[in-house]
Amino acid sequence: MFQYTKPFYSLLLSAVKSDPETAHRQMLDTLTKIDNSRDTAWGRLTIKQLQNSFCIEDKRLQQSLWGLDFPNPFGLAAGFDKDGTAAGIWDSFGFGFAELGAVTLHSQLGNPRPRMFRLPEDKAALNRMGANNLGAAVMADTLTQTWQRKPRTIPIGINLCKSKITSLEAAADDYVGSFKLLQDTADYFVINVSSPNTPGLRSLQAGEQLKPILSALQEANQYNKPILVKIAPDLNWSEIKEIIDLALEYQLSGAIATNTTISREGLKTKILSKTGNPLTEEAGGISGQPVKERSTEVIRFIYQETNGKLPIIGVGGIFTTEDAWSKIIAGASLLQVYTGWVYEGPWMVKEVLSGISAKLKEKRMNHISEAIGSEQLKVKN
């Protein structure tokens, strides 16, 4: 029986490292093929092997948030499965939930290639993809077919972004258009106003520009789907506070901390080898270890400002159990991974979750809910 081993994954990663986007596309195509073949003997066997290799069950890690049941707190971050083509397979990799997108109302090609780069010295990635995707209508059709084939067993979120061709003034209608097309096909939705790769998008984080988007989405939210906002790590505390206040005012369900950073401070990589240009001259957002500490700081700030009343999904620089645990005790109820999963391999989900279980035992905690924000309790005591 084939085993998904670390040496195998390292060999695969090495073979395609010169073109990360092509590697990404090939992997998604393979996963989509597996999902589409789940009713065949080959498909059933392959999925069973994935589950045996990467999944773990522990009741102490199960949570209910927003009326949704999460088998564990570790999810796939937006950006990996932009069009939802592999939506039905992510539970087989051990994820407790998955977020698809970013998707836009209008299909778009994204920025010119090359636009995805690995920075191994920093255990990071630079991407300026530009929200390339097939559009909300195509995703809706894809997901409808997927759930007919196999009802979802983990919560599925969709990350909504403004179309590049849509003016900032018309942003609310653009988000609502996508939401209406997709609201039947997912469990929660994320307002992405923090990607650095769509011109002008981050300006929508400002209060007066964010208000009409939140208002319009909640008005269109006839099924009361959870709606969250994703925050950039580059905002100052007063700007983050303003977003939190709006999230509470418009009864959002939570916040995601954080998106990629435009900062280049502290990076070991000085020249992008693919282009020969200084990294400071290259556009795009940095993910991975360089954003780890800032992400945790933002999680801590949101938790403190809301007294833990606004659930937080923590994302940014998770590679190990310690990385995950630091975000949980700072206040994150759920976690997401992308860059760490690419670097460490798909078994990292099982390893991190096993590590969290061990931490609960070590701390004499009976459930993960006791760990969330526990760092804050120590400070108060």
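The model is a predicted one, in which local features need pLDDT of at least 70 and side-chain atom pairs count only at pLDDT 80 or more, while totals for chains, interfaces and linings use all residues. Residues are numbered from 1 along each chain as its sequence is written, and side-chain values use heavy atoms, with hydrogens and water left out.

Helices (H or I, at least four residues) and strands (E, at least two) are DSSP runs, numbered from the N terminus. Buried means under 20% relative accessible area, exposed over 50%, and partly exposed in between (1.4 Å probe, protein chains only). Contact means heavy atoms within 4.5 Å.

The buried residues of H6 are Gly207, Leu210, Ile213, Leu214, Ala216, Leu217 and Ala220. An α-helix has 3.6 residues a turn, so residues three or four places apart point the same way. H6 comprises 14 residues (207-220), which at 1.5 Å a residue should span 20 Å; the end C-alpha atoms of H6 are 20 Å apart, in agreement. The expected span of a helix is 1.5 Å times one less than its number of residues.

## Overall architecture

The protein has 12 helices and 15 strands. Its radius of gyration is 20 Å, close to the 21 Å that the globule rule gives for 381 residues, so the protein is as compact as a globular protein of that length. The radius is taken over C-alpha atoms, and the globule rule is 2.2 Å times the number of residues to the power 0.38. Along the principal axes of the protein, the C-alpha trace spans about 55 × 50 × 45 Å.

Of the 381 residues, 59% count as buried. Among contacts between residues at least 6 apart in sequence, 75% join residues at least 24 apart. The accessible surface comes to about 16300 Å², of which 52% belongs to carbon and sulfur atoms; accessible areas come from the Shrake-Rupley method with a 1.4 Å probe, and for residues only the protein chains shown count as cover.

The mean positions of the 42 positive and 40 negative charges are 5 Å apart. Lys and Arg count as positive and Asp and Glu as negative, whereas His and the chain ends are not counted. The place of a charge is taken as NZ of Lys, CZ of Arg, CG of Asp or CD of Glu.

Helix H5 is mostly covered, with nine of its 12 residues buried. These are Ala171, Ala172, Asp174, Tyr175, Val176, Gly177, Ser178, Phe179 and Leu182. They pack against E4, helix H4 (136-149), strand E7 (156-161), E8, H6 and E9. At 1.5 Å a residue, H5 should span 16 Å, and its end C-alpha atoms are 17 Å apart, which agrees.

Helix H9 (residues 321-330) is likewise mostly covered, with eight of its 10 residues buried. Thr321, Asp323, Ala324, Trp325, Lys327, Ile328, Ile329 and Ala330 are the buried residues of H9. Just after H9, Gly331 takes a positive phi of about 140 degrees.

Phe97 lies in strand E4 and is buried, with a relative accessible area of 0%. The C-alpha atoms of Phe97 and Ile156 are separated by 5.9 Å, although the two residues are 59 apart along the chain.

Met139, in helix H4, is buried with a relative accessible area of 1%. Leaving aside neighbours within four places in sequence, Met139 is in contact with Lys82, Asp83, Gly84, Leu100, Gly101, Val103, Ile158 and Leu182. The C-alpha atoms of Met139 and Thr185, 46 residues apart along the chain, are separated by 9.1 Å.

## Backbone features

The peptide bond from Gly101 to Ala102 is cis, with omega near 10 degrees; Ala102 lies in strand E4 (residues 97-103). The bond from Ala257 to Thr258 is also cis, with omega near 10 degrees, and Thr258 lies in the loop between strand E10 (254-257) and strand E11 (271-272).

Gln251, in the loop between H7 and E10, has a phi near 55 degrees, a positive value in a residue other than glycine. At 66% relative accessibility, Gln251 counts as exposed. Asn307 lies in the loop between helix H8 (292-306) and strand E14 (312-315). The phi of Asn307 is near 55 degrees, again positive in a residue other than glycine, and Asn307 is exposed, with a relative accessible area of 55%.
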